[in-house]
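Please keep the sequence and the structure in view while reading.

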Amino acid sequence: MAETVNIALPKGRLGEKVYEMFASAGYRCPELENPGRKLTFENREAGVRYFWVKPSDVAIYVEKGVADIGVAGKDILLEYRPDVYELLDVGLGKCRMCVAAPKSFKDDYRKTLRVATKFTSTAKEHYAKTGREIEIIKLNGSIELAPILGLSDVIVDIVETGATLKQNDLTVVDTLFDISARLIANKAGYRFKSEKINEIKKNLETVKENRK
Amino acid sequence: MSLLSQPELRAALRGFFESSGYRRYKMSKFEEYDLYAGNKNFLMSEKVLTFTDTDGKLLALKPDVTLSIIKNFRQTEGVEKLYYHESVYRDGGHGFREIEQAGVECLGDVDEYAVCEVLSMAAQTLGLIGPRYELDISHLGILSEALSPLDDPEKARVIELFGGKNFGEIENILEQNGVSEDVKARILQLSRLDCPAAEAPKQLQDILGGYVSWERLQLFCDTCEILGRKFGSKVRVDFSTVGDISYYSGIIFRGYLSGVPQSVLSGGQYDQLMTKLQKRGRAIGFAMYLDLLEPLIISSGEFDFDALLVYPEEAKPADILSAAEKLRSRGLKVSVMPYEPADMRFGEIYRLGKDGDLIG
């Protein structure tokens, strides 16, 4: 029997959609659908073993080779730049990385711009392009609160529908890039399990095409 | 999987490099910082551990061996073949780490034979450690030429995407830059090229024939054919094997071993670096990262020592010494203690009797 491919799925709504895509592609795992207390879920016949991890950790599991493949957001890939193959845009979890600010915001170039974000590398890289002097304020959640309470002038964060921004009287002032979930693979794992990984990729592509 | 212990691995590598006609190059742990400041992109990490010497000079603990070897290359003719086994000091993401590295460098009049020799040695080095290995090769000169419709920043971006097998975004960039359909198709096919070395010449001719320099393509195809014949499917041509084009100019390669999640060996031709450091000729070499091999290395044994000799408080030192020597004369590694330590493992435990006799 061929070797099992270990797959890291992101916990949460996106992960469930991703699993559904894998299931439709022929890699259903009944164990995972009735999880109980187990942490890893295997379908030997299909040659896959799944485990759920925090979305921001998927790339780490894959880069370190614990998972051969995984699905991670483009935002995480651009922020942490893991050394992995990015095999496919699975077309789920679509959103944008944006700069947002209170509606009244006007950039005052005489002052250092205070930027609150979870994505510090992304924010630094963006402002380095224009040479704008910034102060990064690293936050781990409730980013929208920062400009409202005067902790920052702007935020750099993910925007899906814009509803949260609207509720907090914030508006998008710049879009950095589009985001979607990507199928990633460990470079060494890919070398030794390429046949199976390419088969999974191809089947996911077919599911993606059929959904269009 | 054939497992080696650390000392066996080191001995095997040195033995192999020497039997291949490479001389040991021993170097100091320090280097003037300026060498790295001017070549940061060549280093795996830009962070360098520096300190001020007693004369005020800024020195660095070596983050890389190749730069120092090139800097000290003085030969006015011929080819210099060297190997090294050194520690380098790099940022591991959460602070500096000492990393053990072994590799070879071939400098000066590097001909096509020397290129094949180094590539062949890279594959053989991987094979010394485990039978399940793969050496991936590509050619940055050919890739760079194939991407000539793009300007430099876009070219660098596409090369990075080649490295990630991110075919979708490569296509987007080619479209955004108005690359013709014919050229776009060639570049996309090249990005997907991943086949045993023996099959590469035909595929490369199909994809790039008449588009890139014939001579360069032919030389690369010849090398692929030789490696394919010698190593079968263990050597593959995969254009996701990339590096910085300002340093690497020709063949570039990475080695993988089953059981290790990263590439354990990397190398390539860095003729541009020779020019940059005002040295004559061409250069090719590779490094193997010994710290990454830990999952494949066996510790020196199941036990800390073959035997423990426990002596009672009243035993005479002369009796203890002679009992220990008796055990060691049997070829055993013997630890001598007045008690049995709980945190160590021994193959056998002996006790020293009152009359100085050994009780097994």
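This is a predicted model: local features need pLDDT of at least 70, side-chain atom pairs count only at pLDDT 80 or more; totals for chains, interfaces and linings use all residues.

## Strand β8 of chain B

Seven of the seven residues of β8(B) are buried, so the strand is largely enclosed by the rest of the structure. In a regular strand the side chains alternate between the two faces of the sheet. In β8(B), both faces are covered: B:Y133, B:L135, B:I137 and B:H139 are buried on one side, and B:E134, B:D136 and B:S138 are buried on the other.

## The interface between chains A and B

The size of an interface is often given as the accessible area lost when the parts come together. Between chain B and chain A the buried area is about 1,400 Å², of which carbon and sulfur atoms give 42%. Of the area that chain B buries against chain A, 33% is supplied by B:K165, B:Y256 and B:P261, which is more than any other three residues supply. Counted by residues, 22 of chain B are in contact with 18 of chain A.

Eight salt bridges are counted between chain B and chain A, and one of them joins the side chains of A:E3 and B:R132, with an N to O distance of 3.3 Å. The count of residue pairs in polar contact between the two chains, with both residues at pLDDT 80 or more, is 14. On the side of chain B that touches chain A, the elements that give two or more residues are β8 (133–139), α6 (152–163), α7 (167–176), β10 (235–238) and β11 (251–257) of chain B. The largest share, three residues, comes from β8(B). By class, this side of chain B has ten charged, six polar and six nonpolar residues.

## Tyrosine 36 of chain B

B:Y36 has its place in helix α2 (residues 34–37) of chain B, and with a relative accessible area of 0% this residue is buried. Leaving aside residues up to four places away in sequence, B:Y36 touches B:E31, B:L43, B:V48, B:A60, B:K62, B:P63, B:D64, B:L67 and B:S68. B:S322, by comparison, is 286 residues from B:Y36 in sequence and 56 Å from B:Y36 in space, C-alpha to C-alpha.

## Positive phi values in chain A

Most residues other than glycine have a negative phi. A:R81 is not a glycine, yet it has a positive phi of about 45 degrees. This arginine lies in the loop between α4 (74–80) and β5 (84–89) of chain A, and A:R81 counts as partly exposed because its relative accessibility is 40%.

A:D169 likewise has a positive phi in a residue other than glycine, with a value near 60 degrees. The loop that holds A:D169 runs between α7 (163–167) and β10 (170–179) of chain A. Is A:D169 buried or partly exposed? With a relative accessible area of 48%, A:D169 is partly exposed.

How values were computed. Residues are numbered from 1 along each chain as its sequence is written. Chains are lettered from A and ligands numbered from 1 in the order in which they are written. Side-chain values use heavy atoms; hydrogens and water are left out. Contact means heavy atoms within 4.5 Å. Buried area is the accessible area (1.4 Å probe) that two parts lose on being put together, summed over both. A salt bridge is a side-chain nitrogen of Lys or Arg within 4 Å of a carboxyl oxygen of Asp or Glu. A polar contact is a pair of N or O atoms within 3.5 Å; within protein, one must be able to donate a hydrogen and the other to accept it, and residues adjacent in sequence count only if both atoms are side-chain atoms. Helices (H or I, at least four residues) and strands (E, at least two) are DSSP runs, numbered from the N terminus. Ala, Val, Leu, Ile, Met, Phe, Trp, Tyr, Cys and Pro count as nonpolar, Asp, Glu, Lys and Arg as charged, and the others, Gly among them, as polar. Buried means under 20% relative accessible area, exposed over 50%, partly exposed in between (1.4 Å probe, protein chains only).
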